Each structure stands twice: as C-alpha cells, then as structure tokens.
Amino acid sequence: MVRAREATNEHADTDAAGPRPGGRPRDAALDHAIILATRDRLVRDGYSRMTIGDIAADAKVSRPTLYRRWSTKFELVVDALDYGFRKQHDMYAPDLSRTEPREALVEAVRRLDPAYFNPDAMVLMGNFAGEAIRTPELLKILRKHAVEPRVTLVENVLSQLQERGAVSDDIDKHTIATMCFGSYFAAFYRGNSNKKIPETVVAVLWPAIATRRRTRGQARYAQ
C-alpha cells in the first residue's frame, strides 16, 4: 500500500532490519498504540494542529520512543493512513456475480460510503482537503488509496452488469460513480442521514441505465 512498514498487532514488528542497534527488538504493541493515537489525533486536531507530543502522550510513550520509529510527523501520518487502507482493502473486491443486478449496484454504492469502514472518514477527508495547499501529498495519498478504489468498484460493477446484459452499454460509468460518491458528501453537508443513500440513489439511477425487456407488450427494466 502506501509504505512497506507494517503497524498492526497481526504482524510481529521487530523492524525490517531486525533488532535496533541496542539489540532489543521493537515492541509491536507500542507501534500499534502510536498508530491508533495518530489516527485519533488526525480526526480531532487535523494534520497541521496535531503534535508529536500529543500523540506520544495519548499513546503513553515517550517522544524518543516515537522518534525512534518515525523521524517526522508526515512519515507517521502516512503509516497511520496505511493502517486503515490495509484494514479496508478487501471491501473493494466483493463477489456480486450471483447478486441480482439492481442489488449488486446498491451494494457497490453502499461500499462507496467513505464511512463504510471508518465512521470518522468524512471528517478526515475534510481535514486533508484543508491541507491541499500546505501538504498536498496527503490529499494525493487519499485520492489514490481511499477515493479511487471506491469509485473504481462502482465502475467495475457497472461493467459486470453490462456483461450480464442488465445495464446499457452506452452509460457513462465514470460520471455515475462520481455522482454516487458525491451523494455521501452532499448528505453530510446537508445534515442528512446516509443510511438510505444506496437504495435511494440507485432508485433514481436504475430506470435510466437498466436495459429494458419487453414482456406481454409492456416495457420493464431488468431486475
């Protein structure tokens, strides 16, 4: 993903190069505590306001302990983001081949939700958008690892539905995926619930994109 460093309890992190110069291996539990504290501070304070001192205090480690692992705040934040990206990676490749066409699209739109995995993701994305001028690298990382996989999932499901003959061949998949993604941000800024977005958005889209099949002289949409 973003970097090679692993920062989870599932990986016994003793450093890629083995023990530290002092001969003692790194403590994976401390790494994990620091990563979680960083993710929490990103939501509460944003990148610019968060400090290494606050993160160390939240993780209950010393500043030297943290600096032995990450030399800069940026490196630490990149690994904290990578932790989340790895956790949600599997959500981007669901097997919807046996799902009814319309329901397959509903499920894809459901997984498009920035908060599908992380309830704080909308705030986090807003923080990084605010850093677009000061630290544009963060927004680039977010686009590559959090935005594009989501919209690509919807585009891929639409392609699969085209192959199944359920969706028209001439639809603009990129625009549809972008509109669906934007619906979550619109709901957030309008103060609306996002729980019904998958069903309501697809209810509007489906008549316009589904192929029509005729039965008993009547037109109906592919289900």
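**Close-ups of a predicted chain**

**Figure 1. The largest pocket has a lining of eight nonpolar, one polar and one charged residues.** In this sorting Ala, Val, Leu, Ile, Met, Phe, Trp, Tyr, Cys and Pro are nonpolar, Asp, Glu, Lys and Arg are charged, and the others, Gly among them, are polar. This is a predicted model, in which local features need pLDDT of at least 70 and side-chain atom pairs pLDDT 80 or more, while totals for chains, interfaces and linings take in all residues. Residues are numbered from 1 along each chain as its sequence is written, and side-chain values use heavy atoms, leaving out hydrogens and water. Met-125, Gly-126, Ala-129, Leu-139, Leu-142, Arg-143, Val-147, Phe-181, Phe-185 and Tyr-189 make up the pocket's lining. Helix H6 (121-130), helix H7 (136-163) and helix H8 (173-190) each bring at least two of the lining residues, with H7 giving the largest share, four residues. The space inside comes to about 150 Å³. (On a 1 Å grid over the protein atoms alone, a pocket is an open set of points with protein on both sides within 12 Å along at least five of seven lines, a cavity is a set where a 1.4 Å probe fits but cannot get out, and lining residues have an atom within 4 Å of a point; points join across faces, edges and corners, and volume is the space filled by probe spheres set on them.)

**Figure 2. Here are the aromatic rings, with a count of two aromatic pairs.** Phe-181 is buried, at 10% relative accessible area. Then there's Phe-188 with Tyr-189, also edge-to-face, with 5.3 Å between centres and 80 degrees between planes. Phe-188 is partly exposed at 42%, and Tyr-189 is exposed at 64%. (Rings pair with centres within 6.5 Å, and over 60 degrees between planes is edge-to-face; buried is under 20% relative accessible area, exposed is over 50% and partly exposed is in between, with a 1.4 Å probe and protein chains only.)

**Figure 3. The largest cavity holds about 140 Å³ of space.** Of its 13 lining residues, Phe-85, Gln-88, Asn-118, Ala-121 and Leu-124 are the closest to the centre. Helix H4 (73-87), H6 and H7 each contribute at least two residues to this lining. Its classes split into eight nonpolar, three polar and two charged residues. Across the whole structure, two cavities of 30 Å³ or more turn up.

**Figure 4. Ala-59 sits in helix H2 (residues 52-59).** Ala-59 is buried, with 10% relative accessible area. Leaving aside residues up to four places away in sequence, Ala-59 touches Ala-33, Ile-34 and Ala-37, where a contact is heavy atoms within 4.5 Å. Asp-31 is 28 residues from Ala-59 along the chain, and 9.2 Å separates their C-alpha atoms.

**Figure 5. Zooming out, the chain has nine helices and two strands.** Along the sequence the pattern reads α-α-α-α-α-α-α-α-α-β-β. (Helices are DSSP runs of H or I, at least four residues, and strands are runs of E, at least two, numbered from the N terminus.) Of the 223 residues, 47% are buried. Take contacts between residues at least 6 apart in sequence: 66% of them join residues at least 24 apart.

Notes
Rings of Phe, Tyr and Trp (its six-membered ring) pair if their centres lie within 6.5 Å; planes under 30 degrees apart count as stacked, over 60 as edge-to-face and the rest as tilted.
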